[in-house]
Amino acid sequence: MTVHLVGAGPGDPGLLTVRALELLRRADVVVYDRLSQESLLDLAPAAERIDVGKAPGHVRLAQSEINDLLIERGRRGETVVRLKGGDPFVFARGGEEAAALRDARVPFEVVPGITSAIAVPAYAGIPVTLRHSSTSVTIVTGHEEPGVDGAEGTVDWQAVARVGGTIVVLMGVARIGRIAAELMAAGRSPDTPVAAVQWGTRPEQCTVRATLSTIADQHLGTPATIVIGDVAASDLAWFENRPLFGRRVVVTRAREQARELVELLQAQGAATVEVPAIEIRDPADGGAALAAAVNRLGGYDWVVLTSPNGARRLLDSIRDAGRDARAFAGARLAAIGPGTAEVLATATLVVDLVPPRFVAESLLDAFPEPTAPAGGRVLLVRAAVARDILPEGLRAKGWDVDVVEAYRTEQAPVAEEQAAAVAGADVVTFTSSSTVVNFLAAMGDRPIPSAVVAIGPITATTAREHGLAVDAEAEVHTIDGLVDALVAWAAKTLRPTGDDAGG
């Protein structure tokens, strides 16, 4: 039995340590606070989640109760992860929790995290030290506990001011006016640069720049990291310069497929709102037709796949039959796009035909005619609901076509919490006609973003048929192409500012 006091870092999941990721994946229970990025909890899918976060004016559990909880769950022999924002030993009461566990003879481990005192300024383009001007850093809490002798606080701000260099204040938003006044009274210039970075390292990051004499007049939200000193005038912005920074993008792909798009969008600075419009289900016959087709794969001249989902289902059916790539015998393979070809490549299958444009019409144009006078046989693996242009066009070319349904899509419900997030987004993305139809049906009369970006012409046409104005359409009909279209759209539109950008 071990309780792991784990630093979650300042917010960006990419800053999580390898050890922290390992522990989250095998945790039985995760006890987390307010400053932890919610998506980090998805790294512990099987764990019980206990929220003990504190917010101004609201405390779910007192610190003594949190200590008791950790001891009690640790004694059960569970793998307990106490997930804390930043580093557990930097103004995070990790020392108190470790002492309580030690006194209770419950084994514990401390997993350091990247502290917001260093990472957040870096994400705002502010180095906390500069070789010739700022050669020291003082990290201090602005959330002071009352002194035992009735004094106002335990931090000697005059001493902090005299040290010079950079001052980084954590949890100081509520007291920044008094902190600034005390620093100026101790000799710091009223013109000393100050930068307050709210929700640092996250897509909602917002940087407010001021001086010691004006910082109290600014509207600052929490949580914020406040940098005081000459370095706060540095403007080496990179994170906030990403092309989709400040944009909230709705992702409607099925949950099991959304990760690639979400990661690409976040790499461009976007905040993502995941609202799966569809769920991938077995076909109505439970896959019997696909299994039968697998048994006669060697009898086809071509096997045509129109989606990554269809390719995965076909490969799964081949494995379930105890077979491998040799099942295709002499059959050639056609894929409607590179995503489908990549799925086949995982089974060491090389696709013979990928059309120049990733739509059925282009595949049909590129598809050869049968060489034998009697024609040839084609297996078309696709979704239950799909356009008939491909099987009809292949038959018109002289092919004998067997159409097999590998999967079906169902409308996924949209909870009120998800709908509220959608209403606050800037743009919605669609990766197929089924995502358009099912998303609109699930949302009903609830508001959706006015901006729409589609992966290709078929999806765009479906969106327009349902009354949507399509603002951008991917030139290359892939997930990468969709992100490129979003970036181009964002470059032509004004970026949200102030509260609209998460600040």
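Rings of Phe, Tyr and Trp, the last taken by its six-membered ring, pair if their centres lie within 6.5 Å. The legends below describe close-up views of a predicted model.

**View A. An aromatic cluster contains Trp238 and Phe239.** Tyr123, Trp238, Phe239 and Phe245 form one aromatic cluster. The count of aromatic pairs in the structure is seven. In one of these, the rings of Trp238 and Phe239 have centres 5.7 Å apart and planes at 65°, so the pair is edge-to-face. Trp238 is partly exposed, at 35% relative accessibility, whereas Phe239 is buried, at 4%.

**View B. Trp302 and Phe367 form a tilted aromatic pair.** Their centres are 4.8 Å apart, with 55° between the planes. The pair links distant parts of the chain, 65 residues apart: Trp302 belongs to strand β16 (residues 302-305), and Phe367 to the loop between α11 (360-366) and β18 (376-383). Trp302 is buried, with a relative accessibility of 4%, and Phe367 is buried as well, with a relative accessible area of 3%.

**View C. Thr462 is a buried residue of helix α15.** This helix spans residues 457-465. Thr462 has a relative accessibility of 10%; because buried means under 20%, it counts as buried. The side chains of Thr462 and Ser433 are joined by a polar contact of 2.6 Å. Beyond its neighbours within four places in sequence, Thr462 is in contact with Ser433, Val436 and Val437.

**View D. Met171 contributes to a nonpolar surface patch.** Phe91, Ile118, Val137, Ile139 and Met171 make up this patch of about 370 Å². Met171 lies in the loop between β9 (166-170) and α6 (176-185) and is partly exposed, with a relative accessible area of 40%.

Notes. Residues numbered from 1 in each chain as written. Predicted model: local features only at pLDDT ≥ 70, side-chain atom pairs only at ≥ 80, totals over all residues. Heavy atoms only, no water. Helix = DSSP H or I, 4+ residues; strand = E, 2+ residues; numbered from the N terminus. Buried < 20%, exposed > 50% of the residue type's maximum accessible area, 1.4 Å probe, protein only. Polar contact = N/O pair within 3.5 Å; in protein donor to acceptor, adjacent residues only side chain to side chain. Contact = heavy atoms within 4.5 Å. Patch = residues over 30% accessible without salt bridge, like charges linked within 9 Å, V, L, I, M, F, W, Y side chains within 5 Å. Areas by Shrake-Rupley, 256 points an atom, 1.4 Å probe, with all protein chains shown as cover. Salt bridge = Lys/Arg side-chain N within 4 Å of Asp/Glu carboxyl O. Phe/Tyr/Trp six-rings, centres within 6.5 Å; stacked < 30°, edge-to-face > 60°.
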